[in-house]
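Visitor: Could you walk me through this one? I'd like to start with the charges and then go on to the rings.
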Amino acid sequence: MALFETEFLSKELGIITHVTVFLPVDRHQWGIVYDGSPLKVLYLLHGAWSNHSEWLYRSNVINYAEKHNLAVVMPGVNNSCYTDNLSGSFKPYTFITEELPDWLSKVFPISTKPEDQYIAGLSMGGYGALKIALNNPDKYHAVASLSGAVSVKGLTRPDSFAGKDIFPPVVEGTMHDLEHVIKTTKPDIPMWVCCGTEDFLYETNKEFDKFCQKNKPNYQFHEGPGGHEWNFWDTWIEPIIDWMMELK
């Protein structure tokens, strides 16, 4: 395998940003030779109070991706909720949907074809993955949320970690409102949502599940023992990757 921690000046973020990139290109011990073709890629998003390295150091995602010859890209966008802020000074949504794939394809053998791009995330990153994919179903082949902050109302509470410059005063009925996007655009992208039964976001995810069961095609919900913790996320990211790679 090849592992890179890259830095580059992002126009959309306005800073030098860090991105961790895993490429499954060196697997000679199993008799697998990389032929140089652009790789399928999973964009894997971090949660609040974290960064581009959390998935790498706190899970076995590299092992799970490597068996499928899948590249993994882990960007860092602070506590942004994967939302372009109101002032336009920090635009992580635009960064991930436009600037990052374009930059990566020029530096690494990573595909930008919709059928080769997948996106997932945990907690805040679960919300980000869903918002990005549901608003851009033509750019990704599948999306997954692990213990996602699926209710934008929770993210916009006065005591939320999200800054006041991130969301507009009214978020219901906008692109930030996952249920609104699903109901009005009916995106057909395959979608997986899971949450631990002891997670503080479990009830919110169950309410979202009820909505999706009625309104979202190509959708599945999974639950299991666990809280808002890495044991749960590491357990579930493997079957999520397996599911993604089985999709036609």
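Guide: For the charges, Lys and Arg count as positive and Asp and Glu as negative, with His and the chain ends not counted, and each charge is placed at NZ of Lys, CZ of Arg, CG of Asp or CD of Glu. In this predicted model, the mean positions of the 20 positive and 31 negative charges lie 6 Å apart.

Visitor: What rules apply to the model and its numbering?
Guide: The model is predicted, so local features need pLDDT of at least 70 and side-chain atom pairs count only at pLDDT 80 or more, while totals for chains, interfaces and linings use all residues. Residues are numbered from 1 along each chain as its sequence is written, and side-chain values use heavy atoms, leaving out hydrogens and water.

Visitor: OK, rings now. How many aromatic pairs are there?
Guide: The count comes to 10 aromatic pairs, where rings of Phe, Tyr and Trp (its six-membered ring) pair if their centres lie within 6.5 Å, and planes under 30 degrees apart count as stacked, over 60 as edge-to-face and the rest as tilted. The rings of Tyr127 and Phe167 have centres 6.4 Å apart and planes at 65°, so this pair is edge-to-face.

Visitor: And are Tyr127 and Phe167 buried or exposed?
Guide: Tyr127 counts as buried at 0% relative accessibility, and Phe167 counts as buried at 7%, where buried means under 20% relative accessible area, exposed over 50% and partly exposed in between (1.4 Å probe, protein chains only).

Visitor: Which rings form a cluster?
Guide: Ring pairs link Phe4, Phe8, Phe95, Trp103 and Phe108 into a cluster.

Visitor: Last topic, how much of the whole protein is buried?
Guide: Of its 248 residues, 56% count as buried.
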